[in-house]
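Here is a short briefing to read alongside the coordinates.

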Amino acid sequence: MELLYRSTRDSAVQVTASQAILKGLSADGGLFVPDTIPALDVDLDDLAKMDYQETAYAVMSRFLTDFTEEELKDCIRKAYDEKFDTPEIAPLAKADGAYYLELFHGATIAFKDMALSILPHLMTVSARKNQVKHEIVILTATSGDTGKAALAGFADVPGTRIVVFYPKNGVSPIQEKQMVTQKGANVKVIGIHGNFDDAQSGVKAIFGDREMEREMAEAGFQFSSANSINIGRLVPQIVYYVYAYAKLYANGEIEKNEKINIVVPTGNFGNILAAYYAKQMGLPVAKLICASNENKVLFDFFQTGSYDRNREFILTSSPSMDILISSNLERLIYRIAGSDDRTDAELMKNLTEKGVYEITPAMREKLHDFYGNFAAEDETARTIRGMYEKTGYVIDPHTAVASCVYGKYKADTADETKTVIASTASPYKFTRSVMSAVGQECEGKDDFQLADELSQISGTEVPKAVEEIRTAPVLHDTVVEIADMKAAVKEFLGM
Ligand SMILES: *Cc1c(COP(=O)(O)O)cnc(C)c1O
């Protein structure tokens with residue numbers, strides 16, 4: 001049976017999975033959601049025998065019903081290969097009474113790789129299915145992490161090109177080096193004289209430029225987006241929760257159908273929404289624990305039922321969670337509103353116009369699956385240090401936020417349910433914060449020196465992703481003014 005997708009803001013808008021992947025966002029500003037969440041009708045004993053790729057097929061085939069078996073398997077095979085530094089793809093590490101699901105073994109050592117490795121392949125198949133003749137041009141603004149993961153995912157994928165804009169003085173030295181050394185004939189990295197908001201607004205303006213769209217079509221191109229609200233990013237993220245559960249069962253850590261808790265360090269609400277969808281599919285999950293840093297807009301939302309972005313934006317040591325508008329929360333709002341597009345559209349209008357919205361008591365009742373809390377900066381550092389001293393296991397600041405919140409949850413509830421914590425970045429990506437948290441002297445040392453020292457104290461190897469950029473030549477040195485972004489895109493496309 002074909003599963004169709006609707007806009008959260010207008011139920012009359014209905015598309016296939018491949019169309020939703022191509023469009024990214026509905027024209028009314030809504031997000032695409034599946035009409036129903038399909039059941040995971042595979043026996044756990046069968047799942048327990050599957051490798052990551054087979055699990056990916058079992059989960060994704062139920063959502064992307066207009067892909068043939070061959071098409072989907074081909075996408076999966078191309079995505080989850082030697083780009084990952086372990087054949088397990090997403091291994092589990094047991095430490096201090098919880099299971100850390102390591103989602104950072106891909107090309108850019110952060111969890112964005114889990115979805116951005118496969119999105120380009122889903123997109124090219126979707127383009128073929130819908131008779132798109134043009135080359136797909138991905139346009140992205142990045143504050144650091146997404147840009148590199150998208151570049152790595154789309155590099156040399158036939159039928160695609162990718163342009164990434166980043167704030168020239170607004171990313172870390174390692175992040176910049178990761179991007180400007182990116183290889184691939186179809187990639188372009190451009191710095192701008194401006195901040196992340198300028199880059200984002202510039203990209204949005206180009207997307208909305210009808211004259212540009214016409215010129216692009218004439219030249220044989222069309223834009224698409226690799227943004228985290230694309231269902232082509234959401235669906236691949238459900239896979240690793242199913243995989244982790246099946247592995248816990250296969251390894252005798254849990255009984256058949258024993259419920260587990262899942263803790264997710266959260267920013268845009270994509271990763272935890274995937275865990276929620278896994279639960280809706282029938283995975284035995286008790287609580288979904290939403291961990292925030294000091295930008296605790298979600299914690300306040302779960303406490304009060306009011307989502308309020310009118311507050312100071314705080315820069316923390318977990319920058320990928322420094323977010324005040326968690327876009328994917330809209331999909332949960334739509335669901336707890338009883339799939340009511342009018343309620344959803346109204347609340348989102350309030351958010352745009354006033355920066356705040358409030359849900360009804362009836363909607364709040366449907367949030368009992370969730371528990372929210374947050375970690376302050378000093379708590380996050382103490383968690384990294386405490387874990388290292390107790391077990392020798394080194395976690396990054398994002399994962400530490402989750403670990404700290406899990407501690408608060410246990411103190412609040414005395415719940416001893418076995419728990420999986422999503423570990424979203426390698427400590428090598430945030431070496432300076434991690435090394436200073438464990439009490440090492442960092443002053444006067446560059447990030448590569450600190451990576452070597454981290455390797456020594458943790459007994460782990462410096463990941464290939466870091467080794468490669470140590471000596472890699474800079475391939476991109478274009479820097480433009482905000483006003484010249486469109487011209488830079490045209491030049492790259494030879495228009
Ligand atoms: C993007 C990111 C997050 C937040 O995930 P969301 O899906 O946006 O909630 C957490 N940790 C790391 C390292 C990330 O890159």
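Asp43 is partly exposed, with a relative accessible area of 38%; buried means under 20% relative accessible area, exposed over 50% and partly exposed in between, with a 1.4 Å probe and protein chains only. This is a predicted model, in which local features need pLDDT of at least 70 and side-chain atom pairs count only at pLDDT 80 or more, while totals for chains, interfaces and linings use all residues. Residues are numbered from 1 along each chain as its sequence is written, and side-chain values use heavy atoms, with hydrogens and water left out.

**Asp43**
- Asp43 sits in the loop that runs between β3 (32-34) and α2 (44-47); helices (H or I, at least four residues) and strands (E, at least two) are DSSP runs, numbered from the N terminus.
- From C-alpha to C-alpha, Asp43 and Gln178 are 42 Å apart in space, and in sequence they are 135 residues apart.

**His105**
- The loop between β5 (98-102) and α5 (112-116) holds His105.
- His105 is buried, with a relative accessible area of 13%.
- The His105 side chain makes polar contacts with the side chain of Asp85 at 2.6 Å and with the side chain of Glu102 at 2.7 Å.
- A polar contact is a pair of N or O atoms within 3.5 Å; within protein, one must be able to donate a hydrogen and the other to accept it, and residues adjacent in sequence count only if both atoms are side-chain atoms.
- Leaving aside neighbours within four places in sequence, His105 is in contact (heavy atoms within 4.5 Å) with Lys83, Phe84, Asp85, Thr86, Ile89 and Pro91.

**Helices α3 and α4**
- Helix α3 (residues 52-63) packs against helix α4 (residues 69-79) at an angle of about 135°, and their axes are 10 Å apart. Axes are lines fitted to C-alpha atoms, for helices over the stretch in contact, and angles run from 0 to 180 degrees between N-to-C directions.
- α3 and α4 are therefore oblique to each other; angles under 35 degrees count as roughly parallel, over 145 as roughly antiparallel, 65 to 115 as roughly perpendicular and the rest as oblique.
- On the α3 side, Gln53, Ala56, Tyr57, Met60 and Ser61 make the contact, and on the α4 side Glu69, Leu72, Lys73 and Ile76 do.

**Helices α20 and α21**
- Helix α20 (residues 447-458) and helix α21 (residues 464-471) pack at about 145°, with axes 11 Å apart.
- Phe448, Ala451 and Asp452 of α20 meet Val466, Ile469 and Arg470 of α21.
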